[in-house]
Amino acid sequence: MMNLLFPSVCLHCYQSIEKNSGQFCALCLSEFEFIDPRYRCHYCFQELENLRKRVCQVCQKKRHPLHRQAAVFDPSGPILTLSSHLRSMGKAYLTKGASAFLATQFLDLHWPKPDFISPTPLSLSQKIRQGFSHHNLMAQNLSKILKIPVFKYSKVSHEKLRGCTVLLIADRLFSNSPMEHYAEKMLAAHPAKIFGLALMTYPNAINS
Ligand SMILES: [Zn+2]
Ligand SMILES: [Zn+2]
């Protein structure tokens, strides 16, 4: 009966899929293509034109509060669907799969193991609109997978950061993002290094 009411369909292409086989059909799952970090700018994670350099021309001219930034996917195909559904209240369970993607890319990046994982705070308007923070859930899931504690920055917890390495989590990576602003704020606590990992690159951000 439940199957008739709620048939299992792929979140992206709406093809029917076997119950309990995940959120995407096999074809859509195969379209999730992990970015190879070797050919990407250390800050914006866009493709490098000159592979002898580690930073693109645009990022060479900027100051960077984060030591490095990376993303798991470029924005095309099913990841766009996943990314927009992550922000819907009833679909918070999707953050588990998203965190597994983050964990896989994190291990591929060979960054140092952070002391803390920290979710990028949402803007007040986004928080009110969504009613929950998908960044929080992603950070909590990732914390369980990597066995690294979650840390939320505040005036009280400020001192705990001194000399520590922090990994910031967000869904989208773009220039002048809330993640960069959050890192900038954190620098006042003198952490050793701040890294930022997002689910996908998002070059044409209109809003966060
Ligand atoms: Zn599909
Ligand atoms: Zn760049």
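**Sheet, helices and core**

Modeller: Gladly, and let me start inside the sheet: Ala170 has Ala198 of β4 as its bridge partner. This is a predicted model, in which local features need pLDDT of at least 70 and side-chain atom pairs count only at pLDDT 80 or more, while totals for chains, interfaces and linings use all residues. Residues are numbered from 1 along each chain as its sequence is written, and chains are lettered from A and ligands numbered from 1 in the order in which they are written.

Biologist: What makes β3 and β4 a pair?

Modeller: Two strands pair if DSSP finds at least two bridges between them. Strands β3 (residues 165-173) and β4 (residues 193-201) have eight bridges, in the parallel sense, so they meet that definition. Another of the bridges to β4 joins Ile169 with Leu197.

Biologist: What is the order of the strands in the open sheet?

Modeller: The order is β1-β4-β3-β2, with parallel pairing. At the edges are β1 (68-73) and β2 (116-119); each has a single partner strand, so one side of each lacks a neighbour in the sheet. From one strand to the next, the twist averages 25 degrees.

Biologist: What counts as a helix or a strand here?

Modeller: Both are DSSP runs numbered from the N terminus: helices are H or I with at least four residues, strands E with at least two.

Biologist: Why is β4 described as largely enclosed?

Modeller: A residue is buried if 20 or more other C-beta atoms lie within 10 Å of its own, exposed if 12 or fewer, and partly exposed in between, with C-beta atoms placed from the backbone. Eight of the nine residues of β4 are buried, so the rest of the structure largely encloses this strand. In the protein, buried residues make up 35% of the 208.

Biologist: What makes a nonpolar core?

Modeller: Such a core is a set of buried Ala, Val, Leu, Ile, Met, Phe, Trp, Tyr and Cys residues joined through C-beta atoms within 7 Å. The largest has 43 residues, and Ala71, Leu102, Leu168 and Ile169 touch the most other members. Apart from it lies another core of five residues, including Cys10 and Phe24.

Biologist: How do you know which parts to trust, and where is confidence lowest?

Modeller: pLDDT is the predictor's confidence in each residue, from 0 to 100. Its mean over the protein is 90, and 93% of the residues reach 70 or more. Confidence is lowest in helix α1 (residues 2-5), with a mean of 49, and highest in β1, at 98. Where pLDDT is low, the predicted coordinates should not be read in detail.

Key. Axes fitted to C-alpha atoms, helices over the stretch in contact; angles between N-to-C directions.
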